[in-house]
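New notebook page, new structure. I'll jot down what I look up as I go.

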Amino acid sequence: MDYRKSIIEIIRDRSSRRSYLPQPVEPEKLGALRAGFTGLRGPFGGEARFTILDATGWGEGKINSLGTYGTIQGARHFLVGIIRRGDHDMEDFGYQFEQVILRATDLGLGTCWIGGIFSRSRFADPAGVREDEILPAISPLGYPTPKRSVTDSIIRWSAGSRSRRPWRELFFHGDFETALTEESAGRYRDPLEMLRLGPSASNRQPWRVVKEPHQDIFHLYLRRSLGYDKLIKAVDLQRLDLGIAMSHFELTARELGLAGQWARLSPSLSPLPERTEYVRSWIAERSDGPTATPERGESRSAPAPASLGA
Ligand SMILES: Cc1cc2nc3c(=O)[nH]c(=O)nc-3n(C[C@H](O)[C@H](O)[C@H](O)COP(=O)(O)O)c2cc1C
C-alpha cells in the first residue's frame with residue numbers, strides 16, 4: 001500500500017467518525033482507495049478482499065436504514081471487507097483492513113471500524129459473501145461533519161476513545177513484571193507508540209508486548225478482556241485488534257527503515273498473566289542477518305531465543 005503522507009502522521013490523524021456530510025466522495029478518490037485493495041496479504045497468509053458499497057437511497061430516515069442501528073449517520077459509502085475462514089483469519093483481516101482505513105485517512109476521508117453490532121446481512125448480500133467466507137467488519141467512508149453527532153460523542157465517551165493505556169500497562173521487558181521504558185525500547189519506540197495509538201473494539205487495547213533483553217525481538221500477546229468474547233459471537237473482535245496492532249507496528253518499523261519479520265517462536269514466559277495468549281514475535285533483522293530464523297505463514301516453529309528457552 002502506498003501512502004502520500006508519513007504513516008506516523010496518518011496514524012496520529014485517524015479517529016473514528018460516525019456522522020457524515022451528504023457530500024459524496026469523488027470517483028477519483030474512491031478509485032485511489034480501490035487501487036490499494038490488491039497486493040495485500042496478512043502476516044498469517046490470508047488475503048482479504050474489499051469492496052465499496054454505495055448506500056445512496058438506503059431508505060433515509062429510518063433508524064437502521066444504514067444497517068448500523070443508528071450509530072452511523074449520513075454516510076453515502078461503506079467499505080466492506082471479506083476473508084476466507086481459517087486459522088488466524090481475524091488477525092489477517094485486521095492487519096489488511098486497517099491498511100485500507102489508513103489509506104482512506106491519508107486521502108482525507110473519515111472512517112470508523114464497525115465490527116460489533118450491525119446488520120451483517122445488509123452488507124453481506126450486496127458484497128457477495130460466499131459460504132466459506134466471513135464479513136468481519138465494515139466502515140463508513142466520507143467527509144465527516146465538522147462537529148461530532150451526539151451519538152458519536154456518547155459512544156466515544158462510553159468507550160473512553162480519547163485515551164490509551166500507558167506504556168507500563170502494555171509493554172514489558174524480559175517478563176510480564178518489568179515495564180519497558182521508552183528509552184529501553186530504543187529504535188523501536190515509535191513502532192510501539194504507533195501500535196499503542198491503534199483503534200480497538202470498545203477501546204479495550206488487548207495487546208501486550210514483551211521485548212527480549214539485549215535483542216530487538218518483540219513478543220506480541222493477546223490479553224483477553226473478561227467476558228468480552230460472549231458479547232459478540234459472530235467474530236473474535238480482539239483478534240481483529242491484534243491484526244491492527246501488527247499492521248501499525250510493522251508499517252512504522254518499515255517507514256523508519258527497521259527491517260524485520262513476524263515469526264512464531266516459543267517464548268514460554270512465566271508467570272503468564274491470566275487470559276493471555278501468545279500471538280507472534282517480531283524479529284528485527286540485524287545488519288549481519290535476522291536475529292533468529294523467521295517464519296512467514298504457519299509451517300514451522302523458529303527456535304526460541306536462548307534467553308527465553310524453548
Ligand atoms: C475491531 C473493531 C471493532 C469496532 N466496532 C465498533 C462498532 O461496532 N461500533 C462503533 O461505534 N465503533 C466500533 N469500533 C471503534 C472503536 O470504538 C474505536 O476504535 C475506539 O473507541 C478508539 O477510538 P478511535 O478509533 O477514535 O481512536 C471498533 C473498533 C475496532 C478496532
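Predicted model: local features only at pLDDT ≥ 70, side-chain atom pairs only at ≥ 80, totals over all residues.

Started with the ligand. I find 22 residues surrounding it, and the closest are W113, G115, G116, S161 and P199.

The largest share, four residues, comes from α10.

I get twelve nonpolar residues, nine polar and one charged.

Where does the ligand shell sit relative to the domains? Domain 1 (7-154) and domain 2 (167-293) both give residues to the shell, so it lies between them.

That sent me to the domains themselves. The assignment for the protein chain gives domain 1 (7-154) and domain 2 (167-293). I have their C-alpha centres down as 25 Å apart. Across the boundary, 22 residues of domain 1 are in contact with 25 residues of domain 2.

On the domain 1 side that touches domain 2, α1 (7-13), α3 (89-106) and β3 (133-141) each supply at least two residues.

Last, I looked at confidence. The protein chain averages a pLDDT of 90, and 90% of the residues score at least 70. Residues 293-310 are my caution mark: pLDDT stays under 50 there, and the model has 42 contacts beyond four places in sequence for them.

Conventions: Residues numbered from 1 in each chain as written. Near = placed C-beta within 6 Å. Nonpolar A, V, L, I, M, F, W, Y, C, P; charged D, E, K, R; others polar. Domains from an automatic or database assignment. pLDDT = per-residue confidence, 0-100. Contact = placed C-beta atoms within 7 Å.
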